[in-house]
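Here's a quick briefing to read with the structure open beside you. Have a look at the fold, then work through the points below.

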Amino acid sequence: MAARKYSRQRECIKQDLVGRYDHPTAEMVYESVRKKYSNISLGTVYRNLTLLAEDGEILRLNCGEGFDRFDGNTNPHYHFLCRKCGRVTDVMIPEAGHPDFMHMEGCRGRIDGYMVYFYGICEDCLEAEQEEENPQKAVDSRISV
Ligand SMILES: [Zn+2]
Ligand SMILES: [Zn+2]
């Protein structure tokens, strides 16, 4: 594949992603990059994110929410989506700990890749839930620490 023409805006978009761990949507990247390139458009950001993902420089995630998120960390890892606050965090699983999805017996045809995401309630939301249910206890435990 021929190397793409260097684009300073694309590099800026990539650097923005590499420096954050919140798995932003295109809109969130746009908000951030716009501080540097005030007249960049959301369409340009989206197009460059697509190119970067095609080139394997970033990851494009679909966590079942109906829109894509992007990740500057291209090392193999999984994602956890909080159904309450929508936060997506990284899940590291040791190599030996997950099945060989690339060679699944039950799947006919050739597997080129896979996407796995976990969903539930994140630590912060769980804590907030507990405080709501039992405010006094939460205060007590905070004092005793
Ligand atoms: Zn949450
Ligand atoms: Zn990630």
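Which residues in α2 meet which residues in α3? From α2 they are A26, E27, V29, Y30 and V33, and from α3 they are L42, V45, Y46 and L49. Keep in mind that this is a predicted model. The protein chain has five helices and five strands, and that helix pair is a handy place to start.

**The overall layout**

- Reading from the N terminus, the elements go α-α-α-β-β-β-β-β-α-α.
- The protein chain has 145 residues, and buried ones make up 17% of them.
- Take the contacts between residues at least 6 apart in sequence: 50% of them join residues at least 24 apart.

**Where α2 and α3 pack**

- Two packed helices are described by the angle between their axes and the distance between the axes.
- For α2 and α3, the axes come within 9 Å of each other and cross at roughly 115°.
- That crossing is right-handed.
- Sort the residues of this contact by type and you get eight nonpolar, one charged and no polar.

**The nonpolar core**

- In soluble globular proteins, nonpolar side chains tend to be buried together.
- Here the largest nonpolar core has 13 residues.
- Which residues have the most contacts inside that core? They are I13, V29, V45, L49 and F70.
- At least two core residues come from each of α1 (8–18), α2 (26–33), α3 and β1.
- It's α2 that gives the largest share, with four residues.
- V29, V45 and L49 turn up again from the helix packing: V29 sits on the α2 side of that contact, with V45 and L49 on the α3 side.

- β1 and strand β2 (residues 68–71) run antiparallel and are joined by four bridges.
- L59 stands opposite D71 in β2.
- Five residues lie between the two strands of this hairpin, and G64 has a positive phi near 80°.

**The three-stranded sheet**

- In what order do the strands of the open sheet come? The order is β4-β3-β5, and the pairing is mixed.
- β4 (88–91) and β5 (117–120) are the edge strands, each pairing on one side only.
- From one strand to the next, the twist averages 30°.
- The antiparallel part is β3 (residues 78–82) with β4, paired over four bridges.
- Within that pairing, Y78 has V91 as its bridge partner in β4, while H79 stands opposite D90.
- The parallel part is β3 with β5, again joined by four bridges.
- H79 has a partner on this side too: its bridge partner in β5 is Y117.
- β3 and β4 make a hairpin with five residues between them, and G86 in the turn has a positive phi of about 80°.

**Loop residues worth a click**

- H23 lies in the loop between α1 and α2.
- Is H23 buried or exposed? H23 counts as buried because it has 22 C-beta neighbours inside 10 Å, and the cut-off for buried is 20 or more.
- Most residues other than glycine have a negative phi.
- H23 has a positive phi, near 50°, and is a residue other than glycine.
- K36 lies in the loop between α2 and α3.
- With 13 other C-beta atoms within 10 Å, K36 is partly exposed.
- K36 and Q9 are 27 residues apart along the chain, and their C-alpha atoms are separated by 9.3 Å.
- D55 lies in the loop between α3 (42–54) and β1 (59–62).
- D55 is partly exposed, with 13 other C-beta atoms within 10 Å.
- How far apart in space are D55 and R4? They are 9.3 Å apart, C-alpha to C-alpha, and 51 residues apart in sequence.

Terms used. Residues are numbered from 1 along each chain as its sequence is written. Chains are lettered from A and ligands numbered from 1 in the order in which they are written. This is a predicted model: local features need pLDDT of at least 70, side-chain atom pairs count only at pLDDT 80 or more; totals for chains, interfaces and linings use all residues. A residue is buried if 20 or more other C-beta atoms lie within 10 Å of its own, exposed if 12 or fewer, and partly exposed in between; C-beta atoms are placed from the backbone. A nonpolar core is a set of buried Ala, Val, Leu, Ile, Met, Phe, Trp, Tyr and Cys residues joined through C-beta atoms within 7 Å. Two residues are in contact if their C-beta atoms, placed from the backbone, lie within 7 Å. Axes are lines fitted to C-alpha atoms, for helices over the stretch in contact, and angles run from 0 to 180 degrees between N-to-C directions. A crossing is left-handed if the near helix is turned anticlockwise from the far one by less than a right angle, and right-handed if clockwise. Ala, Val, Leu, Ile, Met, Phe, Trp, Tyr, Cys and Pro count as nonpolar, Asp, Glu, Lys and Arg as charged, and the others, Gly among them, as polar. Two strands pair if DSSP finds at least two bridges between them.
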